[in-house]
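Subject: Structure for your files

Hello,

Please find the structure below. My notes on it follow.

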Amino acid sequence: MQQGPYVFSVRELSRYIKTTLERDRALQNVLVRGELSNCKYHSSGHFYFTLKDEESQLPGVMWRDRVQALGFRCENGMRVTAEGNIAVY
């Protein structure tokens with residue numbers, strides 16, 4: 001019999017977090033306002049960035065098809081309202 005808290009493997013915890021977040025309907029189409037930083041356009045066409053405010057940061061990715069449809073180039077320091085979903089990869 002195990003005593004103390006359950007010890008997850010990395011895989012188990014990652015799957016649990018992914019499943020929990022992706023089942024939460026409130027996180028499937030969110031709007032969030034912040035400042036872009038760490039902007040990087042990858043050779044794949046995807047755009048990687050951090051969205052931040054004075055107290056927190058969220059890493060993000062915009063897939064190639066969305067980048068191509070955007071109509072402008074994102075740059076560090078831009079204040080944006082981003083729409084998307086929360087996911088774990």
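How much space lies in the largest pocket? The figure is about 920 Å³. This is a predicted model, in which local features need pLDDT of at least 70 and side-chain atom pairs count only at pLDDT 80 or more, while totals for chains, interfaces and linings use all residues. Residues are numbered from 1 along each chain as its sequence is written, and side-chain values use heavy atoms, with hydrogens and water left out.

A pocket here is an open set of points on a 1 Å grid over the protein atoms alone, where a 1.4 Å probe fits, with protein on both sides within 12 Å along at least five of seven lines; lining residues have an atom within 4 Å of a point. Grid points are joined across faces, edges and corners, and the volume is the space filled by probe spheres set on them.

The lining of the largest pocket comprises 26 residues, and F49, V61, A82, E83 and G84 lie nearest the centre. At least two lining residues come from each of β1 (30–41), β2 (47–52), β3 (57–62), α2 (64–70) and β4 (79–84). Helices (H or I, at least four residues) and strands (E, at least two) are DSSP runs, numbered from the N terminus. By class, 19 of the lining residues are nonpolar (Ala, Val, Leu, Ile, Met, Phe, Trp, Tyr, Cys, Pro), two are charged (Asp, Glu, Lys, Arg) and five are polar (the others, Gly among them).

The largest nonpolar core has eight residues: L36, F47, F49, L51, M62, V67, C74 and V80. β2 gives the most to this core, three residues. Such a core is a set of buried Ala, Val, Leu, Ile, Met, Phe, Trp, Tyr and Cys residues joined through side-chain atoms within 4.5 Å; buried means under 20% relative accessible area, exposed over 50%, and partly exposed in between (1.4 Å probe, protein chains only).

β2 and β3 run antiparallel, joined by six bridges, and form a hairpin with four residues between them. Two strands pair if DSSP finds at least two bridges between them. Y48, in β2, has V61 of β3 as its bridge partner. Y48 is partly exposed at 33% relative accessibility. Beyond four places in sequence, Y48 is in contact (heavy atoms within 4.5 Å) with N38, C39, K40, H42, G60 and V61.

One backbone point: N38, in β1, has a positive phi of about 55° although it is not a glycine. N38 is exposed, with a relative accessible area of 53%.

Regards
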